[in-house]
Amino acid sequence: MINGTKINIEDLNLFIGNNHILKDINVQIPEKKLTVILGPSGCGKTTLLKSLNRLTDLYPEVKIQGSIFNGDEDILHPKTEITELRKKMGLLAQTPYPLPMNIYDNITYGLRISGRRKKRFLNKRVEYYLRQVSLWDEVKDRLKDPASALSIGQQQRLCLARGLSVDPDILLADEPTSALDPISSREVEELFVKLKQRYTIVMVTHILRQAKRVADYVIFMYLGEIIEHGSAEQIFEHPKNALTKSYIQGTYS
Amino acid sequence: MKCCYILVIAMPFILLIGLLIKSSLLFGEKSLTELIFSSEWKPMSGKFGFLPFIISSLWVTFISIIIAAPICLLTAIYLTQYARRVVLKIMQPVIDILAGIPSVIYGVWGIIIIVPFVSKVAGWFNVHSSGYSILAGAVVLAVMIIPFILNILIEVYRTIPIELSEASLSLGATKWETIKKVLTRKAFPGIISSFGLGVSRAFGETIAVLMVVGNVVQIPSGIFQAGYPLPALIANNYGEMLSIPMYDSALMLAALILFIVVTIFNMGSRYIIIHYEKNI
């Protein structure tokens, strides 16, 4: 086990119906680093990410075996208090899905659910998290507007702020820039680089250049298997596996 | 092809104009407010007060939607959020069958089961009632509009993207909190308009209600009393006493009121779906 492991995945296998989607996944995700799960579309990256906070529960046809340890707590164990566990992990989806309420309530939703109701506290938090994602100046005068009125790039940053609002220590991001224009993409990407000092971040992407810009640690997946994982430097400069090499050199087709 | 299309488009207007012309005879004699707010109905002496019928219609419709709304909402939530997919698959044809049953059958069922039951329930409250009452009409109506509303609600809940649930759950919300605070909020315009369509359906339903509601011209003072909704008025009397020209015109006015109310609810519901879904 690497020093400073945050999440430890052991013998993870996942089936959807009869399809074997994730095969014998064994990997450790380092703490307070940005780990990129890299690989071509349809290789199981997103499914792996969703297993981490058990959103796979929402899909009745999914069967999952193995263990995912966060500390010494097995996330996949049926007795694990999943609601508490999910609070420790912020999620950013491919396309932003703001909650059907105004901007202010989007940020305070998670806090109110945890029983924080003092107006002054909530106001402060809203400003704090919106500043974290550099959205405060753009929306401070219209906090009561529906979140759906924001541009899609702003929505994605709002969703990130919403994820941060419950004070998680892990951030899960599923191709967080794939729906955004280049400028918004850049903004979101820079946010992740800024945030990785304080959070353990797991980001799924198929964009090689993005991975190179942000990753500390890389997990390369292909057809449901982990082909190779290691520090960004090692994977990008000295890939051991031929498949990894061809993907990184862009010759993979 | 274009002709058929124009015919379909023109249909409601032709209907509306027909009703207006036919009922205009009555307007010549009395003002609209006088007709609507008077409760004296004596066709033989030329007195046409629509209040008893309007109030009866409102009562029956209102109570039926009060009964149907929570049942539909909870069923839709259960079927789309909790039940296994097989259950929904089994339920869907059942709902369609319920929606397709001819209303006269609901009426017969109402007479056999609901009317005696209502009479008994009235007894518990120390009210004497034959059972042919507003409540019986409302219960039969509720059963009739449930499949109709339920179908819309299932569709509304099913089309909410799963990512919205994922977002809420990953913030530490429980499943029930997610349903209550996020999904139902997202579905709100759809819910309101499904109820609106249910109301317009209930307001216009004729035969099943007519069979159980009692058809006594009075302003009902309680749900165990008989009433006489607008559609029943038209169906029971049209073609019988047309020798009195005013009578014919009065029934047309009843039809006109019905037409307008149903159209308003229909259009209102559609407006809500189109305009509010985006803004939430």
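Predicted model: local features only at pLDDT ≥ 70, side-chain atom pairs only at ≥ 80, totals over all residues.
Read along its sequence, chain B follows the pattern α-α-β-β-α-α-α-α-α-α-α-α-α. The C-alpha atoms of chain B fill a box of roughly 70 × 55 × 35 Å, taken along the principal axes.

For the complex, the predictor gives an ipTM of 0.87 and a pTM of 0.86. Chain B has a mean pLDDT of 91, and 98% of its residues reach 70 or more. Chain A averages a pLDDT of 90, with 98% of the residues scoring at least 70. Within chain A, the element with the lowest mean pLDDT is helix 2 of chain A (87), while helix 3 of chain A has the highest (94).

**The sheet in chain A**

Let's start with the strands of chain A. Four of them form an open sheet, in the order 2-1-4-5, and the pairing is antiparallel. Strand 2 and strand 5 (73-74) of chain A sit at the edges with a single partner strand each, so one side of each has no neighbour in the sheet.

A:L14 stands opposite A:I64 in strand 4 of chain A, and A:N8 has A:F69 of strand 4 of chain A as its bridge partner.

| Helix pair | Axes | Angle |
|---|---|---|
| Helix 3 (residues 103-113) and helix 4 (residues 119-132) of chain A | within 10 Å | roughly 110 degrees |
| Helix 5 (residues 103-124) and helix 6 (residues 134-158) of chain B | within 9 Å | roughly 135 degrees |
| Helix 10 (residues 230-237) and helix 11 (residues 245-276) of chain B | 9 Å apart | about 145 degrees |

Take the chain A pair. With axes that cross at roughly 110 degrees, helix 3 of chain A and helix 4 of chain A are therefore roughly perpendicular to each other. Helix 3 of chain A passes helix 4 of chain A in a right-handed crossing. On the helix 3 side of chain A, the contact is made by A:Y104, A:I107, A:T108 and A:L111, and on the helix 4 side by A:L122, A:R125, A:V126, A:Y129 and A:L130. These residues divide into seven nonpolar, one polar and one charged.

Over in chain B, helix 5 and helix 6 of chain B cross at roughly 135 degrees, and they are therefore oblique to each other. Their crossing is right-handed. Here B:S103, B:Y106, B:G107, B:G110, B:I114, B:V115 and B:V118 in helix 5 of chain B meet B:L135, B:A136, B:V139, B:V140, B:V143 and B:M144 in helix 6 of chain B. The residues of this contact are 10 nonpolar, three polar and no charged.

Is the crossing of helix 10 of chain B and helix 11 of chain B left-handed or right-handed? It is left-handed. Helix 10 of chain B brings B:L230, B:P231, B:L233, B:I234 and B:N237 to the contact, and helix 11 of chain B brings B:L251, B:A254, B:A255, B:I257 and B:L258. By class, that contact has nine nonpolar residues, one polar and no charged.

**Where the chains meet**

Last stop: the contact between the chains, which takes 22 residues from chain A and 22 residues from chain B. On the chain A side, helix 2 (82-87), strand 6 (89-92) and helix 3 of chain A each supply at least two residues. The side of chain A that touches chain B has 14 nonpolar, five polar and three charged residues.

Note on methods: Residues numbered from 1 in each chain as written. Chains lettered and ligands numbered in written order. Axes fitted to C-alpha atoms, helices over the stretch in contact; angles between N-to-C directions. Helix = DSSP H or I, 4+ residues; strand = E, 2+ residues; numbered from the N terminus. Parallel < 35°, antiparallel > 145°, perpendicular 65-115°, else oblique. Left-handed = near helix turned anticlockwise from the far one by under 90°. Contact = placed C-beta atoms within 7 Å. Nonpolar A, V, L, I, M, F, W, Y, C, P; charged D, E, K, R; others polar. Pairing = 2+ DSSP bridges. pLDDT = per-residue confidence, 0-100.
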